[in-house]
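Student: Hi! I'm new to this one, could you walk me through a few spots?
Tutor: Happy to, let's open it up.

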Amino acid sequence: GDCCKWIGVVCHNLTGHVHQLHLAAPLSPYEQSALGGKINPSLLELNHLSTLNLSNNNFSSIHIPKLFGLLESLTYLNLSRAQFQGAIPHNLGNLSKLQYLDLRGNDLISESLQWVSGLSSLQYLDLSYANLSKATDWLQVTFKHPSLLELHLSACILEDDPHLISVNSSKSLAVLDFSWNSLSSVPKSIFSLHGLVSIDLRFSSLDGPIPDYFGNISFLEVLDLHQNSINSSIPNSVFCLNHLRFLHLSSNKIQQDISEILQNNQLSGHLTCQLGQFKNLSYLSLAQNNISGPIPSSIGELSSLKYFDVSENQLNGTFPLCFGQLESLETLDFGYNLLEGVVIETHFSELTRLTTLKASHNRLRFEPNSSWIPPFQCQIIELGHWHLGSKFPLWLKFQKELSSLDISHVGISDVMPTWFVNLPTQLEYLNLSYNQLTRGISYLNVTNSIDLSSNRFTCPVPRVLSTLRYLFLSNNSFSGSLSELICNPSLKEMVALYIDINLLIGEIPDCWNHWENLAYLNLGNNNLTGKIPPTLGYTNPCMLNLRNNSMFGELPSTLRNSWSLVMLDLSENHFSGSVPTWIGDKLSNLVVLSLRSNNFDGYIPRKICDLQFLQNLDLGHNNISGVIPKCFSNLSEMATKNKTNNELSTPYFIDYSFYLKALLVLKGREDEYGSTLGLVTSLDLSANRLRGEIPKEIGSLVGLLSLNFSGNLLTGNIPDNIGNMELMESLDLSMNRLNGEIPPSFSNLNFLNHFNVSYNNLTGHIPTSTQLQSFEN
C-alpha cells in the first residue's frame, strides 16, 4: 500500500492494486532524471497494471522487452522517445485490451504489421520513425483494423506499393499521419475512409495533381499537403468540404489564379461549391507556389479565418479592403508578391486579434494619420519595401508587444525618435536598413539581431545587449574606436559583426578572447590602423574582411587557428612580410583568399596548392617574386567546370539567411559578387615581380573564368593549353616579356570578353575566331 504514495504510481482506491505507472522523463534538458538500464521481469507481478508510460527515458539501445506482451490488463502503453531499438516484438499483439500504443521516435524496425491485427481494442497507434520499408502490409492491416481511430506513421520510409490499390477499409479511422515518407501519390484507399477528419501528407514526395476524390471525405477538417511537388490546380472537390478548418498547401508547384481558389466563381462554371462553404476555415496557407491574380474581395466572407499565408507567389492587384472585416485574423502573411496601391487605416479596422503582419516586398504605400492608433497589438511586423512616408511611423508607439520589426527600404528620412529607443517592449529582431535615418543612437534594446545598414547614422557605435547575435551597421558614418564594443566582456553570443564602409578609426583592440561564437567579421572600408590583434586569430570565424583600411605589419601566427575561414580578405592595406605557408596548411576551407594591394614579398608558398576548395586567389599588386608554382594545377576547384552552389555556404549552421559577398577584380574592374559567388573562379597574380615562364600546368585549371598575370617579368611562350580553358571570360597577360605567337587554340575561347596581351614581344597572326575578331586592335 505504501508504494501508492510514490510520485507516478497510481493505485486502486479499494484494492490497493497498482493500476498506473507514469514514469515518463521530463523533456526539459535541465532535469537529468531519465530512467535507463534493464527492465526488471518483476514488473509482471503487477497483474492489474492498465497504464504504463516510460516515454522520454534513455534505455539506450535495448530491445523492447517481450515481457510487455504479457501485461494482459494494459490499456495504455507509451514508450515514445525512450531510445529503444531493434525489431518490435510481435507478442505485443497479445494485448487485446490495449487501446493506446505509442512507440514514436525510437530506432525500431518491423518487417510486417500483422501483429497489430491482434490488438483488437486498439484506437490509437503511433509508430512514427520506425523503419517499415519492408512491411508491405502496412496499409492492409491498419485500414482494415475494426477499432483504430488514429494512425501516425510519420517518417517510416513508406513507399508506394502497387498491390495496395483497394482495401476494404474500416469505417472508424479519423486521423491519418503519413508525413515525411516517399509516397509520390496519395494512396487511393484513403478515399474510402469516409469518416476521416484529418489527413497529414506533408513532406511525402507527392507529385502530380491532387486527386479529385477529397469530396468523398465530407467530414474532413484538416488537410496538410505542404512541402510536396503538387503541380496542378486545387480540385473542386476540396471546395465542397464544408467542415474544413485547416488547409496547408504551401511549398508546392500549384499554378492557379487565386480567385479560383477563393471565389464563388459561378461564371466560369468551375466551382459548383461556393466559397461560403468555407465558413469554418481558420487556417489557410498557400505560400511558395505559383499562384497569380488579384486577391478577391470574397476573402472577407471567411469569417473564421485566423491564419492566412499566401507569401512568395505572384499575386497582383491591390490589397482588398475586406481584410479589415476578418476579426478572427491572427496571422496575415502576403509578403513577396506583386501587390500595389495605397493601404488605408480601414484595411486594419477590425483586426483586433492580429499578432503577425508580414507583407514585405510588395509595392504598397501606407501613410496613416499621425493620430492613428492601430486596433491590434502585433508581435511581428514586416513591411520592408513599402512606402511608409518620410517620418518615422508614429503608430509603432502603440505596439507594446512587438518582438520583430522590419521596416527596411521604406523611405524614412528622419532621426530615430527617442520614444522608439525607449519602447517598453524588448525587440528580438530589428531591421531599419536602407532608409535615410540620421544622427545617432546611443543604445539599442534588441536581444538577437539588429540591421541598420545603409542609413546616415553619425555617432560612435551604439551600446548593445549582451545577448545580441547579429549586428549589421554597414554603410553609415559610424565613427570613433571599436574598443568599447569589442572589449565588452559580456558580448559572448555575437555571431556576425558587420561595420564595413564607415568612419571607424584607431586600432582593432586586442581583446577578442570572449568572442567564441563569431562567424562573420567585416570591418572593411574604414580608417583602421595598426596590426591584426593576436587574439582575433582565436575567434575562428568563417569570414574575415579587413579590406581597404590602413593596417600594417605581418599576419599574426595566431590566425592559423582560424581553420573555419572560408573567406579571408585583407586587400588594400599595408601588410608586409612573405605570404605565410600556414595559409595552405591550416586554413584548409578557404574559398576566397585576397591579399591584393599590400606590401607582401617573398615567394608564393607551394602549400597554397593544397587548398582544395580555393576558387578565388588574388595576390595582385604586391612585391612577390620567384616563379608561378606548377602545383597550381592541384587547385581542384579551379579545375572543375560544373559548379553546383550559387551561394557560398559556410560550415556553421546559421539561423539567418545571409550569404557571403566578395569584391573581386575581374575583367579589369571591381565588382561585388554575392548570390553568385559560389560560381565564380579567378586567379590574379598581376603587378608583382614574378619571373620565368607561365607553367603549362595552368592549362588544367579549366574552371577559371578570369586569369590575370599582367605586369610581371614573365618570359617564354604563352602555353598552348590555355586554349582548353573554355569558360574563360577574362584573360590578361599584358605588360610582361612574353614572346612567340598567340596560340591558335585561343580560337576555342568562346566566352572571352576581356582579352589583353599588349606590351609583350609577341609575333605572328591573331588566331581567327569570332570572339577574338570582335576586339579592337
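Tutor: L321, V342 and I344 make a nonpolar surface patch of about 270 Å². Keep in mind that this is a predicted model.

Student: Where is V342 placed?

Tutor: V342 sits in strand β22, which covers residues 340-343.

Student: And is V342 buried or exposed?

Tutor: V342 counts as exposed because its relative accessible area is 58%, and the cut-off for exposed is over 50%.

Student: New topic: where do I find N252?

Tutor: Look in the loop between β15 (246-248) and β16 (255-257).

Student: Buried or exposed, that N252?

Tutor: N252 is buried, because its relative accessible area is 7% and buried means under 20%.

Student: Which residues does N252 touch?

Tutor: Leaving aside residues up to four places away in sequence, N252 touches L225, H226, Q227, N228, S229, I230, Q288 and N289.

Student: What does S594 touch?

Tutor: Not counting residues up to four places away in sequence, the contacts of S594 are L568, D569, L570, S571 and D618.

Student: And what separates the C-alpha atoms of S594 and I190?

Tutor: Those C-alpha atoms of S594 and I190 are 59 Å apart, and the two residues are 404 residues apart along the chain.

Technical notes: Residues numbered from 1 in each chain as written. Predicted model: local features only at pLDDT ≥ 70, side-chain atom pairs only at ≥ 80, totals over all residues. Heavy atoms only, no water. Helix = DSSP H or I, 4+ residues; strand = E, 2+ residues; numbered from the N terminus. Buried < 20%, exposed > 50% of the residue type's maximum accessible area, 1.4 Å probe, protein only. Contact = heavy atoms within 4.5 Å. Patch = residues over 30% accessible without salt bridge, like charges linked within 9 Å, V, L, I, M, F, W, Y side chains within 5 Å. Areas by Shrake-Rupley, 256 points an atom, 1.4 Å probe, with all protein chains shown as cover. Salt bridge = Lys/Arg side-chain N within 4 Å of Asp/Glu carboxyl O.
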